[in-house]
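Subject: Structure handover

Hi,

Here is the structure I promised to pass on.

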Amino acid sequence: MASISNLSLSHQSRFSSLYKQHSRSSATPLVHRNVHPTSNHLQFSPLPSKINALSESVRFSGNSLSNEIFNLRRPSQFCITKAAAAADADFAEPNKSFAERFPALVTGFFFFTWYFLNVIFNILNKKVYNYFPYPYFVSVIHLLVGVVYCLISWGVGLPKRAPMNKELLGLLTPVAFCHALGHVMSNVSFAAVAVSFTHTIKALEPFFSAAASQFVLGHQIPLPLWLSLAPVVFGVSMASLTELSFNWTGFISAMISNISFTYRSIYSKKAMTGMDSTNIYAYISIIALLFCLPPAIIIEGPKLMQYGFKEAIAKVGPYKFLSDLFWIGMFYHLYNQVATNTLERVAPLTHAVGNVLKRVFVIGFSIVVFGNTISTQTGIGTGIAIAGVAMYSLIKANMEEQKKKAAQQAS
């Protein structure tokens, strides 16, 4: 009974499980006091042991007492009672995290972080090439920083390292080789031509992906997808004819990168296992680093030892040179990781639109930062190519969603 009295004092505008044993009306004001259970006067019933007292609503055993209370016409007490009930309702609901209450805001933040890191990587990467034009060595640095990051993450158990065996190694090796080749060739193109032009050429990647699916894997590609790729090919061709920074090294390297990433996707499907994507990406990075080291040593090693490092340090100093190499590797790894986290939160349709917008952001910011002069025809061709990629991505995403719905209905 002592606990009930304390509850009454702390919540004077509310009653806990109030029962009246007789139906005779009384105008006597209500007074909370302890009464023996056998008394014929107003008494309190024990609180249910399994119900929280703060979420217990006011209950009366008859209509007579309810009518007397409301006939008193005390709006202030009634308002306080309603406010207390609302507070109890809020208290009773389970506490939700910020991400659960505002999912759209959190997803938007992921998209912003993904774009921001990608833009910073492309800009800083190109600035390094302006005074250190060694894309094979820079590609090694990208992967090396990411591998060190993964090893540290494994060391602290975030995430826990998944075991590796010969079978899985055999499946991941061709994926890592294609990843290494595509990554190196992308950097060769970045070093040779403008960032905006490289991304325009890389807009052809869906075309190579569709061609490989049709002629290598034997998957029938619908006619609407092929038609949506026509403006991509036309736009890239139009932009390439008048690109002021055009050279064959940059163009061919970007095309090889497209082919490499296409086959990486094909081999990735064969390497699908129960391992999580974070561990798979870590293992792919390690194997790809081993593939990138020999060409970097053979092709660029002698030049680097003779004058490459000396010239870079003489231009920007040792601290900036080393910090630039570290940060381009860090931004490369982080933007890929955040991209994976972002794509896990959204539907394929949103993913497709986001991927196209990312390329638009990179092209736009690179033109502004580096002041690259582009012709009107190049600008129009780039716009047509990006529009074609968007159309292709939307059609493909819709087809995938329809397949999933049909599979769910069939099951």
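Let's start with a helix pair: in helix 7, Leu-169, Leu-172, Thr-173, Val-175, Ala-176, Phe-177, His-179, Ala-180 and Val-184 meet Ile-280, Tyr-283, Ile-284, Ile-287, Ala-288, Phe-291 and Cys-292 of helix 12. A contact here means heavy atoms within 4.5 Å. Helices (H or I, at least four residues) and strands (E, at least two) are DSSP runs, numbered from the N terminus.

Before going on, some ground rules: this is a predicted model, where local features need pLDDT of at least 70 and side-chain atom pairs count only at pLDDT 80 or more, while totals for chains, interfaces and linings use all residues. Residues are numbered from 1 along each chain as its sequence is written, and side-chain values use heavy atoms, with hydrogens and water left out.

The protein chain has a mean of 76, with 73% of its residues at 70 or more. Residues 1-80 are below 50, and beyond near neighbours in sequence that stretch has 70 contacts in the model. Residues 89-93 are also below 50, with two such contacts.

Overall, the protein chain has 15 helices and two strands. Of its 411 residues, 40% are buried (under 20% relative accessible area; exposed is over 50%, partly exposed in between, with a 1.4 Å probe and protein chains only).

Back to helix 12 (residues 277-316), which has another partner in helix 6 (residues 135-156): their axes come within 6 Å and cross at roughly 140 degrees. That makes helix 6 oblique to helix 12 (under 35 degrees counts as roughly parallel, over 145 as roughly antiparallel, 65 to 115 as roughly perpendicular and the rest as oblique). Axes are lines fitted to C-alpha atoms, for helices over the stretch in contact, and angles run from 0 to 180 degrees between N-to-C directions. For helix 7 (residues 166-192) and helix 12, the axes come within 8 Å and cross at roughly 60 degrees.

The unreviewed UniProt entry annotates several stretches as "transmembrane region", including residues 168-185 and 223-242. In the model, residues 168-185 are 100% helix, with end C-alpha atoms 26 Å apart. Residues 223-242 are 95% helix, and their end C-alpha atoms lie 30 Å apart.

Lastly, is Ser-366 buried or exposed? Ser-366, in helix 14 (residues 348-370), is buried, with a relative accessible area of 1%. Leaving out residues up to four places away in sequence, Ser-366 touches Val-195, Ser-196, Gly-371 and Asn-372.

Cheers

Conventions
pLDDT = per-residue confidence, 0-100. UniProt positions renumbered as here; feature names shortened; annotations may be inferred.
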